[in-house]
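Good morning, everyone, and thank you for making the time. I would like to walk you slowly through one structure, so please look at it on the screen as I talk.

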Amino acid sequence: MKEPKLIRKIKKRSNEIVSAWKVAGFTKVYDIAIRPHCGNSKTALKRHLHKNEVIMETLRGKYGNLLSQYKSRTTQEGILPENAPVWVCWWQGESSMPEIVQICYQSLRKHTSHPIHLITKDSIGQYLQLPDFIEEKVQKGRITLTHLSDILRMALLAQYGGLWIDATVYVSQPIQEDIFHTPLFTVAPRITPTANVSQARWTGFLIGGAANGPLFSFARDFLFAYWEQEDYLLNYFLIDYIIALAYETLPSVSYAIDHLPDTNSQINRLEQLLNQPFSESVFHTLTTEMTFHKLNYKQQFAEQTSEGKETFYGHLCKKARL
C-alpha cells in the first residue's frame, strides 16, 4: 500500500534536516532544510537562492583543499575520442525498462551511429572500478541508485569522454555530430528565474565532452572526496552544486559554459503534454525545433484521454511499436 502523501512529505523533510545537520552542522540546518519551505510564494525564490549560497559556502569550506588543488593546475581541455561513446544507464538492465524508458532508449538508438553503452549492475565492471567506499555505501543504501548515476556519469566521462544521456531523454532527430567534437557540451536553456543553482546554464542529465576534461575530472574527484567523508547527501541536486563550484573555480569551465548556445529551451514541454490530446502540428514543431526532450518514468501516462482521443504519450507508444 502506497504511503499517504503527507507521510512521504514529513519523511522527506525529516531526511533533509538530518542530512543538513550531519554534513553542514547544526547552525546551517535552518537555512538549508527549514527556511526554504517556510513562507509564501512571493519569497520562495529568495529563500531557495539563500539556501543555495549556504550549501555552496559549506562545500567550499569542507573541500577547500580540493578546490585549491584544481585552481593551481595547468588548464587541460582533455582529449576528444574518435567515434565518441554514448552512455546511458538503467541499473536493472534493458529488459526491466518501463515502457516510456524503452521508448526513449529506442529513440536514442535510432538517432545516432555512435556506440551506445548501456550501463547496468552487470556491465559497469567492464568500464569502471569504483572505490571500495562507494560500493560499500551503495550496498548500505547511503548512496541511492539515483546518486550513484551522478558518480558514474562523471567518472565515465572523465575516463572516456563522449555523451551522457539519461534514460528518460527522448531523442526526436539525429544527434548533431558537432556535439561529439566539442570539449564540453550540455543543454543550456537559460530560462530564469529558477531556484536551481545551475540557473539553467547546464543540465546534469545531458552532458558530454572530452575525456580527462577539467569539469568531469573535477566532478569525479569531488564526488569521490565527498562520499569518502560523508554518509549523508547534503542535497538531492549535489551534482549541480559541484558543477557550480567548477564554474567558479576553473576559468576553462566557466568560459565553456558561458559560450554554450541557448538550446532546447522547452526541453520539458513534451513531458507536460504527454496526457493531453495529440496534436500533429505541436508535435512536429517540438520535435523538429529541438533534438532532446526530458521525460519522466515516475508519472502515470495514458495512451488515450477519457474521451478516447490519442494522447501525446499514445502517439509515442504507437511510433515505437511500428
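This is a predicted model: local features need pLDDT of at least 70, side-chain atom pairs count only at pLDDT 80 or more; totals for chains, interfaces and linings use all residues.

Let us start with the strands, and with strand E3, residues 162-165, which has two partners to discuss. On one hand, E3 pairs with strand E1, residues 86-89, in the parallel sense, and two bridges hold that pairing; if you look for Trp87, you will find that its bridge partner in E3 is Trp164. On the other hand, E3 is joined to strand E6, residues 206-209, by four bridges, and here the two strands run antiparallel. As an example from that pairing, Gly162 has Gly209 as its bridge partner in E6.

E6 also leads us to the next element, helix H9, residues 238-249, because E6 is among the elements that cover the buried residues of H9, together with helices H3, H4, H7, H8 and H10. How many of the 12 residues of H9 are buried? The count is 11 of 12, and so the helix is mostly covered; among the buried ones are Leu238, Asp240, Tyr247 and Thr249.

Now please turn to Gln173, which sits in the loop between strand E4, residues 169-171, and strand E5, residues 184-186. If we leave out residues up to four places away in sequence, Gln173 touches His111, Thr287, Thr288, Glu289, Met290 and Thr291. Lys110 is 63 residues away from Gln173 along the chain, and yet their C-alpha atoms are separated by 8.6 Å.

Finally, a word about the cysteines, where the structure holds zero disulfides. Cys89, for instance, is in no disulfide, and the nearest cysteine sulfur, which belongs to Cys104, is 14 Å away. Is Cys89 buried or exposed? Its relative accessible area is 13%, and because buried means under 20%, Cys89 counts as buried. Cys38, with a relative accessible area of 41%, is partly exposed.

Key. Residues are numbered from 1 along each chain as its sequence is written. Side-chain values use heavy atoms; hydrogens and water are left out. Contact means heavy atoms within 4.5 Å. Two strands pair if DSSP finds at least two bridges between them. Buried means under 20% relative accessible area, exposed over 50%, partly exposed in between (1.4 Å probe, protein chains only). A disulfide is a pair of cysteine sulfur atoms within 2.5 Å.
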